[in-house]
Amino acid sequence: MALVTISGFPCSGKTTRAEQLKEYFESRLSAEGYNGPELIVALVDDDISHVPRSSYDTSALEKPARASLFSNVSRSLGTDTITIVDSANYIKGFRYQMYCAAREARVRVATIHVVAPPDICRERHEKRGECSYKPATFDNLIMRFEEPSSMVRWDSPLFTIPWDEEPPYEHIWDAIIKGDKRPPPAAVLQRNKPPPNTLQTLTATTQTIVTSLLSHVNSLPGSSTFPIPSPPAPSNGSLVLHLPARRVTLSEMQRLKRQYEGVQVKAQKSGGLAAAGNWTEGEVATGFVRFLEEIWETG
Ligand code: ADP
Ligand code: MG
């Protein structure tokens, strides 16, 4: 039925809000007069996904941790379930990935941004004592936080809950029970088989773009656009990537490349990318450029 993604700083109150929402949803589901489908409310969090707080110390540990959380989320999604994901969910691309999984599972989505000022979070964190983050990790999670935005489709509808306010329970309930259901991508609806070598084309094309982009920004720092060379672009000059104002880095590009590939591979497995036309070099290049611009749009 729905995916509810909770996002916020460490100790902002995510778990508290997740539990409040679970309780509220359950009370609505068992209330007299409720005549909708029978639903269960499932909480997916780091603990259930065997993700200790130390996973956030390094990106090498965090990657498999996120993968574990993601597979638990995917497994939980279904038309008879309201899945609440209680984790930092601070990476835009990760929220995008969960959104894609929700669309494929044909469930509604809502994002809850739990907001508390860093000082309050820090104070609570110090009080919590055991099972806390390393100080550097705590700071990092605040610094790297990519705030949800109602302007992008994968974070909306977005509900922002300040630490000193009550959640807008009814509005959230309406969004997950009656809200618009985003149709699954055309690729998922048309179960066509992709041609052979799709995966190689995907990874080789994204690699070519990442490599040429990095050498472009090295030789022309500060440029705001990057014309993708052909190949992989369909024809020379026809595909232009708009760059963010800051300089993109190798590690960022590697991460975005992996994220894009992850989403595409998942779509391929679930029925092929034929309808979305993401097979050929040119099509991969176009799709990757669109993905990067969408991610950077709000950053
Ligand atoms: P998170 O899951 O984001 O790490 P928690 O929900 O576990 O945060 O909350 C961290 C600490 O702050 C807990 O001790 C909790 O009792 C306290 N806390 C959470 N939300 C509030 C709130 N709205 N007002 C006061 N204290 C809160
Ligand atoms: Mg928590």
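The following dialogue examines how several labels in this predicted model rest on computed values.

Student: What makes Cys121 count as buried?

Tutor: The label buried requires under 20% relative accessible area. Cys121 has a relative accessibility of 0%, and therefore it counts as buried.

Student: Why is Cys100 called buried?

Tutor: The relative accessible area of Cys100 is 13%. Because the cut-off is under 20%, Cys100 is buried.

Student: What makes the approach of Arg124 to ligand 1 a polar contact?

Tutor: The criterion is a pair of N or O atoms within 3.5 Å. A polar side-chain atom of Arg124 lies 3.5 Å from an oxygen atom of ligand 1. In the side chain of Arg128, an N or O atom is 3.4 Å from an oxygen atom of the ligand, and for Ser12 a backbone N or O atom lies 3.3 Å from an oxygen atom of ligand 1.

Student: Which elements give two or more residues to the shell around ligand 1?

Tutor: They are helix H1 (14-29) and helix H4 (118-128). H1 gives the most, with three residues. The shell includes Lys14, Thr15 and Thr16, as well as Arg124 and Arg128. By class, its residues divide into three nonpolar, four polar and three charged.

Student: Why is the pair of Phe25 and Trp173 called tilted?

Tutor: A pair of aromatic rings is described by the distance of the centres and the angle of the planes. The centres of Phe25 and Trp173 are 6.1 Å apart, and pairing requires centres within 6.5 Å. The angle between the planes is 35 degrees; stacked pairs are under 30 degrees and edge-to-face pairs over 60, so the pair is tilted.

Student: Why does this pair tie together parts that are 148 residues apart in sequence?

Tutor: Phe25 lies in helix H1, whereas Trp173 lies in helix H6 (residues 169-177), so the contact joins those parts. Both Phe25 and Trp173 are buried. They belong to one aromatic cluster together with Tyr24, Tyr34 and Tyr169. The whole structure holds 11 aromatic pairs.

Notes:
Residues are numbered from 1 along each chain as its sequence is written. Chains are lettered from A and ligands numbered from 1 in the order in which they are written. This is a predicted model: local features need pLDDT of at least 70, side-chain atom pairs count only at pLDDT 80 or more; totals for chains, interfaces and linings use all residues. Side-chain values use heavy atoms; hydrogens and water are left out. Buried means under 20% relative accessible area, exposed over 50%, partly exposed in between (1.4 Å probe, protein chains only). A residue is near a molecule or strand if one of its heavy atoms lies within 4 Å of it. A polar contact is a pair of N or O atoms within 3.5 Å; within protein, one must be able to donate a hydrogen and the other to accept it, and residues adjacent in sequence count only if both atoms are side-chain atoms. Helices (H or I, at least four residues) and strands (E, at least two) are DSSP runs, numbered from the N terminus. Ala, Val, Leu, Ile, Met, Phe, Trp, Tyr, Cys and Pro count as nonpolar, Asp, Glu, Lys and Arg as charged, and the others, Gly among them, as polar. Rings of Phe, Tyr and Trp (its six-membered ring) pair if their centres lie within 6.5 Å; planes under 30 degrees apart count as stacked, over 60 as edge-to-face and the rest as tilted.
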